[in-house]
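The following exercises ask the reader to work through one model, from single residues to the chain. Each task is followed by a solution in steps.

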Amino acid sequence: MATPFREWLKNAKIAYWLIVGGLAFFAAVIALGMVEILSTQQILLLGQVYFFLLIAGMLLQMIARRL
């Protein structure tokens with residue numbers, strides 16, 4: 001018998017929303033960088049944070065599909 005949480009995890013599109021949200025976020029970050037509001041170092045730091053969140057989301061999605 002499946003629990004509601006297990007069913008939610010199976011149907012969740014966490015990695016998909018992280019990718020789409022990240023692309024929209026980085027479009028804004030690049031625009032702010034071009035206007036020189038954000039420095040190159042800040043853009044790289046935001047990229048690293050997004051990369052680790054993406055990996056975590058993909059791992060969670062892979063685990064959820066195996067349940």
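**Exercise 1: An aromatic residue in a helix**

Trp17 is placed in helix H2. The model is a predicted one.

Task: Is Trp17 buried or exposed? What distance separates the C-alpha atoms of Trp17 and Leu54?

Solution. 
1. The relative accessibility of Trp17 is 58%.
2. The cut-off for an exposed residue is over 50%, so Trp17 counts as exposed.
3. Along the chain, Trp17 and Leu54 are 37 residues apart, and their C-alpha atoms are separated by 9.5 Å.

**Exercise 2: The chain as a whole**

Task: State how many helices and strands the chain has, and describe its contacts and its accessible surface.

Solution. 
1. There are three helices and zero strands in the chain, which gives the pattern α-α-α when read along the sequence.
2. Of the 67 residues, 19% are buried.
3. Consider contacts in the chain between residues at least 6 apart in sequence: 69% of them join residues at least 24 apart.
4. The chain has an accessible surface of about 5400 Å², and carbon and sulfur atoms account for 73% of this area.

**Exercise 3: Aromatic pairs**

Task: Determine how many aromatic pairs the structure holds, and classify the pair of Phe26 and Tyr50.

Solution. 
1. The structure holds three aromatic pairs.
2. For Phe26 and Tyr50, the ring centres are 5.4 Å apart and the planes stand at 75°.
3. Planes over 60 degrees apart count as edge-to-face, so the pair of Phe26 and Tyr50 is edge-to-face.
4. Phe26 belongs to helix H2 (residues 14-34) and Tyr50 to helix H3, so this pair ties together parts that are 24 residues apart in sequence.
5. Both Phe26 and Tyr50 are buried.
6. The pair of Phe51 and Phe52 is also edge-to-face, because the ring centres are 5.6 Å apart and the planes are at 65°.
7. Ring pairs also join Phe25, Phe26 and Tyr50 into a cluster.

**Exercise 4: A nonpolar surface patch**

Task: Which residues form a nonpolar patch on the surface, and how accessible are Phe51 and Phe52?

Solution. 
1. The patch is formed by Phe51, Phe52, Ile55, Met58, Leu59 and Met62, which together have about 600 Å² of accessible area.
2. Phe52 is located in helix H3 (residues 40-66).
3. With a relative accessible area of 59%, Phe52 is exposed.
4. Phe51 has a relative accessible area of 46% and is therefore partly exposed.

**Exercise 5: A backbone angle in a loop**

Solution. 
1. Phi of Glu36 is positive, about 65°, although Glu36 is not a glycine.
2. Glu36 lies in the loop between H2 and H3.
3. The relative accessible area of Glu36 is 71%, so Glu36 is exposed.

Definitions and conventions:
Residues numbered from 1 in each chain as written. Predicted model: local features only at pLDDT ≥ 70, side-chain atom pairs only at ≥ 80, totals over all residues. Heavy atoms only, no water. Patch = residues over 30% accessible without salt bridge, like charges linked within 9 Å, V, L, I, M, F, W, Y side chains within 5 Å. Areas by Shrake-Rupley, 256 points an atom, 1.4 Å probe, with all protein chains shown as cover. Salt bridge = Lys/Arg side-chain N within 4 Å of Asp/Glu carboxyl O. Helix = DSSP H or I, 4+ residues; strand = E, 2+ residues; numbered from the N terminus. Buried < 20%, exposed > 50% of the residue type's maximum accessible area, 1.4 Å probe, protein only. Contact = heavy atoms within 4.5 Å. Phe/Tyr/Trp six-rings, centres within 6.5 Å; stacked < 30°, edge-to-face > 60°.
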